[in-house]
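This report describes the fold, the packing and the backbone of one protein model. The sequence and the structure come first, and the description follows.

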Amino acid sequence: MRVVADAGPLHYLILTCEISLLPHLFETVVVPETVRSELAHARAPSLVRDWVASRPPWLDVVPTLPLETLPLPALDDGERAALALAPAWTTDWLTPTAHRKLAEAGIAPPRRGPPACPRCGAASETISEFGATACKALHRCLSRREPFEAFKCH
Ligand SMILES: [Zn+2]
């Protein structure tokens, strides 16, 4: 798994000598050049500067997008550059296992178009655009007439 980091977590994992945890958890840690330069800054602790100077193969430094195009101007440049590399989560990221577990729990997994009943696979009708949470809608199975919740696509 690839993850994106800003300077904070790397800085403290280096100082606490726990940075070697990251390659056990993640295949690659991606940081924008802005974050690399923060870690290499003259005012960073020498332990941090030395670590980033001999960066490990699992650390992928990528160019920073033009700062004027990045959102969230209240954050520092490294945070903004890292956030720009991490797209917002969507239900498209749910794995087939997650879909199966939702259906086993009686919740129709997200899909484009009207959801099928998670219990019998029949077509459904919408009862309400909102279920117990805003991310779900309430539907009724057209075969057994039982209500069920369906995860919306986000
Ligand atoms: Zn059904």
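## Overall shape

Of the 154 residues of the protein, 25% count as buried, where buried means that 20 or more other C-beta atoms lie within 10 Å of the residue's own, exposed means 12 or fewer, and partly exposed lies in between, with C-beta atoms placed from the backbone. The model is predicted: local features need pLDDT of at least 70, side-chain atom pairs count only at pLDDT 80 or more, and totals for chains, interfaces and linings use all residues. Residues are numbered from 1 along each chain as its sequence is written.

The protein has six helices and seven strands. These are DSSP runs numbered from the N terminus, with helices (H or I) of at least four residues and strands (E) of at least two. Along the sequence the pattern is β-α-α-β-α-α-β-α-α-β-β-β-β. The radius of gyration of the protein is 22 Å, well over the 15 Å that the globule rule gives for 154 residues, so the protein is more spread out than a compact globule. Here the radius is taken over C-alpha atoms, and the rule is 2.2 Å times the number of residues to the power 0.38. The C-alpha trace spans about 70 × 35 × 20 Å along the principal axes.

Contacts are pairs of residues whose C-beta atoms, placed from the backbone, lie within 7 Å. Of those with a separation of 6 or more, 51% are between residues 24 or more positions apart.

Helix 1 covers residues 7–15, and its buried residues are Ala 7, Leu 10, His 11 and Ile 14. They cover an arc of only 100 degrees around the axis, which puts them on the same side of helix 1; the arc is that of the directions from the helix axis to the C-beta atoms. An α-helix has 3.6 residues a turn, so residues three or four places apart point the same way. The buried residues of helix 1 pack against helix 3 (33–39), helix 4 (46–53) and helix 5 (77–85).

A nonpolar core is a set of buried Ala, Val, Leu, Ile, Met, Phe, Trp, Tyr and Cys residues joined through C-beta atoms within 7 Å. The largest one has 15 residues, of which Val 31, Val 35 and Leu 39 touch the most other members. Helix 1, strand 2 (28–32), helix 3, helix 4 and helix 5 each supply at least two residues of this core. Apart from this core lies another, of eight residues, among them Ala 108, Phe 148, Ala 150 and Phe 151. Leaving aside neighbours within four places in sequence, Val 35 is in contact with Asp 6, Ala 7, Gly 78, Ala 81 and Ala 82.

Four strands form an open sheet in the order 4-7-6-5, with mixed pairing. Strand 4 and strand 5 stand at the edges, each with a single partner strand, so one side of each is left without a neighbour in the sheet. Two strands count as paired if DSSP finds at least two bridges between them. Two of the pairings are set out below.

| Strands | Sense | Bridges | Residues opposite each other |
|---|---|---|---|
| Strand 4 and strand 7 | parallel | two | Ile 107 and Glu 149 |

Four of the five residues of strand 7 are buried, so strand 7 is largely enclosed by the rest of the structure. Strand 6 and strand 7 form a hairpin with five residues between them.

Ile 127 is found in strand 5 (residues 124–128). With 14 C-beta neighbours inside 10 Å, Ile 127 counts as partly exposed. Not counting residues up to four places away in sequence, Ile 127 touches Leu 138, His 139, Arg 140 and Pro 147. Ile 127 and Lys 152 are 25 residues apart in sequence and 14 Å apart in space, C-alpha to C-alpha.

## Positive phi in two loops

Most residues other than glycine have a negative phi. Cys 17 has a positive phi of about 60 degrees although it is not a glycine. Cys 17 lies in the loop between helix 1 and helix 2 (22–25), and counts as exposed with 9 C-beta neighbours inside 10 Å.

Arg 145, also not a glycine, has a positive phi of about 70 degrees. Its place is the loop between strand 6 (136–141) and strand 7 (147–151). Arg 145 has 9 C-beta neighbours inside 10 Å and counts as exposed.

Conventions. Contact = placed C-beta atoms within 7 Å.
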